[in-house]
Amino acid sequence: MAVDAAVGRLRRSTVDRLPSAARPVLGADVGAGIVHLGLGAFHRAHQAVFTEDAIAAAGGDWGIVGVAPRSVDVLSAMEAQDRLYSVLTVGSGTVVPRAVGVHVDLMHAASDPLAVVSRLADPAIRVVTLTVTEKAYRLDPATGRPRIDDEVRADVVTGRPPKTVPGLLARGLLARAATGAPLAVVSCDNLPSNGRRTRALIEAALAVVPGPAGERARWWLDGSVSFPGTMVDRIVPATTDVTRALASRALGVADLVPVAAEPFSQWVIEDEFPGGRPAWEHAGAVLTTDAEPWERLKLRMLNGVHSALAYLGALAGVGPIDEVLRLPGIDAFLDRLITTDIAPTLAPPPGETVEGYGRTVRERFANPALGYRTLQVAMDGSQKLPQRLLGTILDRRAAGSRPVWACLVLAAWMRFVRGYADDGSALPLDDPLADRLRAAVSTVDDKPSDLAGALFAIDAVFPADLAGDDEVRGLVEHWLTVLDRGGVAAALAEASS
Ligand code: CS2
């Protein structure tokens with residue numbers, strides 16, 4: 001989008017043209033204390049806002065060094081705006097803008113990974129946060145175990161500039177071990193036990209480093225580095241030209257990299273920070289000793305239901321998530337999915353009830369101003385389904401139940417992988433395992449048992465006890481048959497009967 005010269009662009013020199021409540025709360029003089037990997041919309045509407053509010057309330061040199069792993073577009077636009085951008089909090093009929101200015105430096109990992117490695121070793125940095133999406137961890141999706149493949153190994157054991165996220169982090173930690181400075185590495189991605197999994201990943205990466213440097217790094221990691229688990233939550237759709245137009249109107253100046261987000265925002269963090277941390281509790285974060293009950297509730301309820309709406313909606317030809325909620329029969333389906341399949345697998349964290357949480361989630365998805373796309377949620381299904389859906393199915397089976405409605409979601413994903421919507425139009429498969437998934441479905445015709453068999457055989461996604469469960473297989477084949485004959489409308493009609 002071109003910037004209208006008469007309007008001007010968001011910069012430190014133009015902030016007095018913003019509505020006063022939207023002006024940045026911090027000056028440009030905060031020191032760096034955090035390196036964040038992943039400059040996407042979610043980070044900028046979530047951790048960045050919490051951190052800015054924490055510094056504004058309680059001070060501290062906790063400015064963020066934002067690292068863009070691959071694409072340079074957001075980074076360049078932020079540079080041109082003195083690293084400012086806006087967050088637009090959108091509800092029905094309301095847009096509340098604020099300019100955020102908590103990034104004190106920006107770096108591009110793909111073009112200069114060694115500069116990022118040095119920054120990770122800088123003792124002024126005491127916290128590293130990550131929003132790199134599930135697939136960047138390169139874990140085995142079915143088990144969550146780390147896989148040190150050839151690329152990560154080469155990143156860690158040779159002196160080459162690292163190319164992978166685990167390699168970049170491990171090299172940064174190797175360099176930092178020489179200083180002995182403590183650090184917290186905080187995964188803010190939607191993985192179960194994200195802290196423990198990140199620790200296991202880094203331990204596995206450092207385990208292949210030979211000699212005294214490896215030994216010293218492993219010893220230092222043990223005593224001086226924490227991996228707090230977190231639950232992160234805010235619905236933040238991808239930025240579009242519509243978001244940019246909304247930002248110009250709300251700010252009075254142009255912002256090329258605004259983010260729109262829902263009003264709800266939550267961050268639960270395990271409080272283990274050996275080098276200190278921002279006073280995030282002043283910004284509304286919950287600091288706790290155990291984030292897992294929140295994490296599981298969020299992954300299975302919010303993300304699980306999100307994925308259910310995404311696959312059913314995409315098959316039915318619906319673009320935005322809020323419109324999926326208008327399909328006939330969807331309410332009855334969600335009632336049953338939530339009550340009979342998801343809720344019994346969850347123990348609510350303090351202050352929550354599973355039913356209340358489920359209600360809030362449905363209200364949040366109905367926000368018409370978000371325009372979150374079914375295809376955005378549908379991407380990377382092989383990495384998302386294990387924690388969002390398969391855990392629910394396995395737990396219900398272990399309790400002797402038949403997870404009928406969760407199996408409908410699984411069948412919908414299988415149809416999605418097959419690549420056609422109910423009206424025959426093509427659906428895109430955006431997934432790191434796309435080649436394997438496509439190869440599996442290309443060898444079979446549409447017979448439900450063949451399609452299910454081909455996909456259940458992918459052990460990177462399906463643990464053996466799930467793939468070999470005849471009850472689950474029968475339910476999935478039933479739903480594939482229903483979807484084949486009458487599409488999503490027929491499946492949802494069954495939910496209302
Ligand atoms: C969504 C999440 O795209 C997706 O897979 O389910 O990004 C979701 O919006 C966030 O986890 C909400 O906190």
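Two strands pair if DSSP finds at least two bridges between them. Helices (H or I, at least four residues) and strands (E, at least two) are themselves DSSP runs, numbered from the N terminus. With that in hand, take aspartate 233. Aspartate 233 stands opposite glutamine 266 in β11.

Some ground rules. Residues are numbered from 1 along each chain as its sequence is written. This is a predicted model, so local features need pLDDT of at least 70, side-chain atom pairs count only at pLDDT 80 or more, and totals for chains, interfaces and linings use all residues.

How confident is the predictor? pLDDT is its confidence in each residue, from 0 to 100. The chain averages 96, and 99% of the residues score at least 70. For the complex, the predictor gives an ipTM of 0.99 and a pTM of 0.96.

Back to aspartate 233 and its strand. β9 covers residues 230-233. β9 pairs with β11, residues 266-270, in the antiparallel sense, over four bridges. Both faces of β9 are covered. Thr230 and Val232 sit on one side, Met231 and Asp233 on the other, and all of these are buried. Buried means 20 or more other C-beta atoms within 10 Å of the residue's own; exposed means 12 or fewer; partly exposed is in between; C-beta atoms are placed from the backbone.

Now the ligand. Which residues are around the ligand? They are Asn190, Asp233, Arg234, Ile235, Asn303, His306, Gln376, Val377 and Lys384. Near, here, means that a residue's C-beta atom, placed from the backbone, lies within 6 Å of the molecule.

By type, the shell divides into two nonpolar, four polar and three charged residues. The classes: Ala, Val, Leu, Ile, Met, Phe, Trp, Tyr, Cys and Pro count as nonpolar, Asp, Glu, Lys and Arg as charged, and the others, Gly among them, as polar. Two helices, α10 (292-315) and α14 (374-378), each supply at least two shell residues.

Where does the ligand lie? It lies between domain 1 (12-288) and domain 2 (292-496), because both give residues to the shell. Those bounds come from an automatic or database domain assignment.

Next, the parallel sheet. Strands of a sheet pair through backbone hydrogen bonds, either parallel or antiparallel. Here six strands form an open sheet, in the order β5-β2-β1-β6-β7-β8, with parallel pairing. The edge strands are β5 (103-108) and β8 (225-226), and each pairs on one side only.

Look at β7. Five of its five residues are buried. Leu183, Val185 and Ser187 point one way, and Ala184 and Val186 the other.

β7 has partners to go through. With β6 the pairing is parallel, over four bridges. Valine 127 stands opposite alanine 184 there, and leucine 130 has serine 187 as its bridge partner. With β8 the pairing is parallel too, over two bridges. Leucine 183 has valine 225 as its bridge partner in β8.

Last, two loop residues. Arginine 138 lies in the loop between β6 (127-130) and α5 (150-157). Its phi is near 55°, a positive value in a residue other than glycine. Buried or partly exposed? Arginine 138 is partly exposed, with 19 other C-beta atoms within 10 Å.

Serine 193 lies in the loop between β7 (183-187) and α7 (194-207). Its phi is near 45°, again positive in a residue other than glycine. Serine 193 is partly exposed, with 18 other C-beta atoms within 10 Å.

Conventions. pLDDT = per-residue confidence, 0-100.
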